[in-house]
Amino acid sequence: MKTSFGFYTIFVVLSSAWIAYASDPSQLQDFCVAVPDANSAVFVNGKFCKDPDMVVAEDFLRQGLNNAGNTSNQLGSVVTAVNVNQLPGLNTLGVSLARLDFAPYGINPPHTHPRATEAFLLMEGTLYVGFVTSNPADLNQKNKLFTKYLNPGDVFVFPQGLIHFQFNVGKTNAVAFAGFGSQNPGTITIANAVFGSDPKINPDVLAKAFQVEKNIIDYLQAQFWSNYN
């Protein structure tokens, strides 16, 4: 009985330790400014670290978010990202941000951020936003949609990995800022990934998946799909 209890205790401790270390570790230095080469650098979290003695204040600075982005595209929106690829000082810090500009009736189409939750702050205009839950455990239920109309000063949160969107329902431009819980949240634009991949997904697969005729898939795959951040 004593031996069984001891084994059980060890099992619980080891299980707890596994759970405790099942996420990204905390940073072990003040910062790790990303550099594109390995000279005198250490590879940490997807980037090489700049020699701390060579780090300067400009490594932590990104200017220009006061300037509107160019929304002259088929979506009528543009995302100006500030993640580790634009601001090297963000490396290992676990945060990033973006400015989003919308022309009237512009849309940031359904997409996901696989590595981050998004906190979205509307500064100007009126947006219709929402996200859809993952597949429910009960097969009789459907994915649930959460939506809101946002006005200036409103904040809306999009949980990590869930499909979400923003649509300008106003007659004027809209401006928003988003914060992310990752230095590089990543973006998967659903339509682009499904219909604009290279090489293309077999249209028979998509026709079966979407329960439509193959000619509809052929039409969609023939469109111009431009990637946005």
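Predicted model: local features only at pLDDT ≥ 70, side-chain atom pairs only at ≥ 80, totals over all residues.
Two strands are said to pair if DSSP finds at least two bridges between them.

Strand S5 has a partner in strand S4, which covers residues 77–82; the two run antiparallel and are joined by 6 bridges. S5 also pairs with strand S12, formed by residues 174–180, again in the antiparallel sense, here over 7 bridges. Of the 7 residues of S5, 6 are buried, so the strand is largely enclosed by the rest of the structure.

Arg 99 lies in S5, which spans residues 96–102, and its bridge partner in S12 is Phe 177. Is Arg 99 buried or exposed? With a relative accessible area of 7%, Arg 99 is buried, because buried means under 20%. When residues up to four places away in sequence are not counted, Arg 99 touches several groups of residues: Leu 65, Asn 66, Asn 67 and Ala 68; Val 78, Val 79 and Thr 80; and Val 175, Ala 176 and Phe 177. The side chain of Arg 99 also reaches the backbone oxygen of Leu 65, at a distance of 2.7 Å.

Side chains of opposite charge can pair when their charged atoms come close. Arg 99 forms a salt bridge with Asp 101, and the closest N and O atoms are 2.9 Å apart. Asp 101 is buried as well, with a relative accessible area of 3%.

The structure holds 3 salt bridges, and the others may be set beside this one. Lys 50 forms a salt bridge with Asp 59, with 3.0 Å between the closest N and O atoms. Here Lys 50 counts as partly exposed at 22% relative accessibility, whereas Asp 59 is buried at 11%. Another salt bridge brings together the side chains of Asp 218 and Lys 214, at 3.1 Å from N to O. Asp 218 and Lys 214 are 4 residues apart in helix H4, which comprises residues 214–221, and are therefore separated by about one helical turn. Asp 218 is partly exposed at 33% relative accessibility, and Lys 214 is partly exposed at 37%.

Which residues does Leu 127 contact, leaving aside its neighbours within four places in sequence? Leu 127 is in contact with Phe 102, Phe 120, Leu 122, Lys 148, Tyr 149, Leu 150, Gln 166, Phe 167, Asn 168, Val 169 and Ala 174.

Phe 120, Phe 131, Phe 146, Phe 156 and Phe 158 form one aromatic cluster. A pair of aromatic rings is described by the distance of the centres and the angle of the planes. The structure holds 7 aromatic pairs. One of them joins Phe 131 and Phe 146, whose rings are stacked, with 5.1 Å from centre to centre and 20° between the planes. This pair links distant parts of the chain, as Phe 131 lies in strand S8 (residues 127–132) and Phe 146 in strand S9 (residues 145–150), 15 residues apart. Phe 131 is buried, with a relative accessible area of 10%, while Phe 146 is partly exposed at 33%.

Phe 195 and Phe 210 form an aromatic pair that is tilted, with 5.5 Å centre to centre and 35° between the planes. Phe 195 belongs to helix H2 (residues 190–195) and Phe 210 to helix H3 (residues 203–210), so the pair ties together parts that are 15 residues apart in sequence. Phe 195 counts as buried at 10% relative accessibility, whereas Phe 210 is partly exposed, with a relative accessible area of 44%.

Note on methods: Residues numbered from 1 in each chain as written. Heavy atoms only, no water. Buried < 20%, exposed > 50% of the residue type's maximum accessible area, 1.4 Å probe, protein only. Polar contact = N/O pair within 3.5 Å; in protein donor to acceptor, adjacent residues only side chain to side chain. Contact = heavy atoms within 4.5 Å. Phe/Tyr/Trp six-rings, centres within 6.5 Å; stacked < 30°, edge-to-face > 60°. Salt bridge = Lys/Arg side-chain N within 4 Å of Asp/Glu carboxyl O.
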